[in-house]
Amino acid sequence: MTTLAQVGRAVDAALARSGVAVTVGGEPTFIAADHRHAEWNFDALGPEKLAYGRRFAAALRRKLAPGCLVTHTMGKQYPGEPLPRWAIGLHWRKDGKPLLPGKGIAYRLDRAGLQKPEAAARLARALPALLKLKAKPLPAFENPPGKKPAGWVLPLDGGAGAWTSPAWKLPGPCLLWPGQSPLGLRLPLGELPPETPRRALTVETRDGELSVFLPPVEKLEDYLDLLRAVRAAAGGEKLLLEGYAPPSGEELVRLNVIADPGVLEVNLPPAALQAEADRFIDALYAAAPACGLRPWKYQFTGRKIGTGGGAHILLGGPKAEESPFFQRPRLLPSFVRFLQRHPSLSYLFTGLFTGPSSQAPRVDESAYEVPYELEIALRGVEAMRPPVDKPLLDLMLRNLLMDTVGNTHRAEISVDKLWNPFAPNGCLGLVEFRAFEMPPEPAMLRAAVTLLRALAAAFLARPYGLPLKRWGEALHDRYALPVFLKRDFQEVLAFLQRAGFALEWEHFAPWFEFRFPVIGRLAHAGRAIEFRQAIEPWPVLGEQPAGGGTSRIVDASTDRLQVRVPDAAWARRFRLLAAGRPVSLQADPEGEALLGAVRYRMFHSLPSLQPHLPAQSPLLFEWVEAATGRTVAACSLLNWRPGEQPYDGLPQTDRAALARVAERFVPAPKALGRVHPAAGKPARCGRYTTDLRLS
């Protein structure tokens, strides 16, 4: 079998022949092994997440770029969040040379409280001379002021070799705004005269750490000049560098570890070659376990799932203006068309939450008219000639590639970072593929990255132009079943093989088993009926009061199972009942099996979409002789532990998790011999799906 590395090199060669540079990045997510707490489920910040992030950043530093610069800066901030989230950045040169020749800046991993306020005073007083300034740093006090300053402020303007320190004319002492943020974020800038430059470097000792807050600068040489001065003033002391990160440049590589709801997210640097992308991925998976982090989690019932965050993959170019989506206008429409015609690319790699309200809805899961309007827009994009009109391209697609409520970020193919003038980092030339869950193994993520790069290479060689397809009810009926998703994905692989990229099913089989595990089997007469996890889109409910505002809850109380009976001829003598009702089984169009799906109420919850329906657990399956109506085999699926007893915490190993899965799918000997009257018609909501919620 051709290895992923070999396929990656073939993609590298094809992209080189195309004359268009394509880079790939990603946003893998990790959680703590003990993930019961809010910060590992829905909160962006928490009491332990920063410590995990620091350990992770330190481990990645050792594996990827020993001695690289580490910064602690402000991350994303959303409405309702009082403070920006933190971001830990690793920065190093692409050519491997040290960012600062000589001894680097020592980075303290722990927060052991070893440094005293006097260390900040010494560093602050040494800085002016090193920057060739005659000024003295200003003492900064908490409000109301105490006897000792909280830190020191050195106003700065100019640049390398020409720094100045403008006098700050304040009405009194420098009193900080109240809060727990770094001193550099709490300066009384509003009290300065309008013409006064407002940049400043600050020094403080906070929680026992010596912190230097670096101001924003436009040129890398200015930033490095400040770093050299700070290094000399520190005299070997370990520092926490806060404030602003180095300005972006072609010569720098940047990796960020950031706080995101429920997870630690890693923003990978863009990689131009497969080997480079693989190196980043392997480093993540190698560093995480030593820091107490995992790329997966267990449910209480034993199912192994993703982290709850994504592993979104981004394609772009070396610079925003050099994005392949601008250089070759037909590339983005090719992706949109191909993914829309192949539902496996939407559902095989994503998480539990799918459908119109999810984080990565398909273009045909929102309003009915979207595919029609999108076809018109795609033809308009395909008619463009490079260089494309970037603002027009954004306007043509942003109102179609979005979710049902107009969020342009939550879309299977998100152009929110392509050329979006309304977002702080919107004009990056990047397209984000969001239907990728965090997988438990690095080879799985490498396979997904290789897949998207291979599709890009294939489309650059020959654009894909088949029209968008109207799937109708088949999308959430036929393609909710793993068997059809597997066959659709095999068509994707055949397409790539014809394009010269030898990706094979074996590269992606772990994804299939992870996403669609076997729940259990019901055996009779030497044959076994297989029950496998299928896809059930979760609806988002209406707005509800929450904490003085409103929130929208996801209803995850409905589930779906695929049923596969291996021998259609044998199965004609039997009927399958679920909760005493007949299950529709249809002939497999490509085999000798019978296929069906059972949709049922897994547990009762309030609020929910159908609050009047009770839980259908345990769910009894019976294999019944058609001639006599007698049950000859039976099993029960329980939603929870037998006896409804609480679990003793989350499972910690695959073995313990599998034991919990097994104990919930059990034989039902008391049902054997039961006689059923002639059954009515199945309550179907599609060709393959029997919905037990229908009375």
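Start by selecting helices α9 and α10: α9 passes α10 in a left-handed crossing (the near helix is turned anticlockwise from the far one by less than a right angle; helices are DSSP runs of H or I, at least four residues, numbered from the N terminus). This is a predicted model, where local features need pLDDT of at least 70, side-chain atom pairs count only at pLDDT 80 or more, and totals for chains, interfaces and linings use all residues. Residues are numbered from 1 along each chain as its sequence is written, and side-chain values use heavy atoms, leaving out hydrogens and water.

Now color residues 370-382 (α9) and 390-397 (α10): they pack at about 165°, with axes 10 Å apart (axes are lines fitted to C-alpha atoms over the stretch in contact, with angles from 0 to 180 degrees between N-to-C directions). So α9 is roughly antiparallel to α10 (an angle over 145 degrees).

Show side chains next. L374, A377, L378, G380 and V381 of α9 meet L393, M396 and L397 of α10 (contact means heavy atoms within 4.5 Å).

Hop over to H91, in strand β4, residues 86-93 (strands are DSSP runs of E, at least two residues). H91 is buried, at 1% relative accessible area (buried means under 20%, with a 1.4 Å probe and protein chains only). Its side chain makes a polar contact of 2.8 Å with that of T71 and another of 3.5 Å with that of R254 (N or O atoms within 3.5 Å, one able to donate a hydrogen and the other to accept it; residues adjacent in sequence count only if both atoms are side-chain atoms).

Last stop: T202 in strand β8, residues 200-206. T202 is buried too, at 1% relative accessibility.

Notes
Buried < 20%, exposed > 50% of the residue type's maximum accessible area, 1.4 Å probe, protein only. Parallel < 35°, antiparallel > 145°, perpendicular 65-115°, else oblique.
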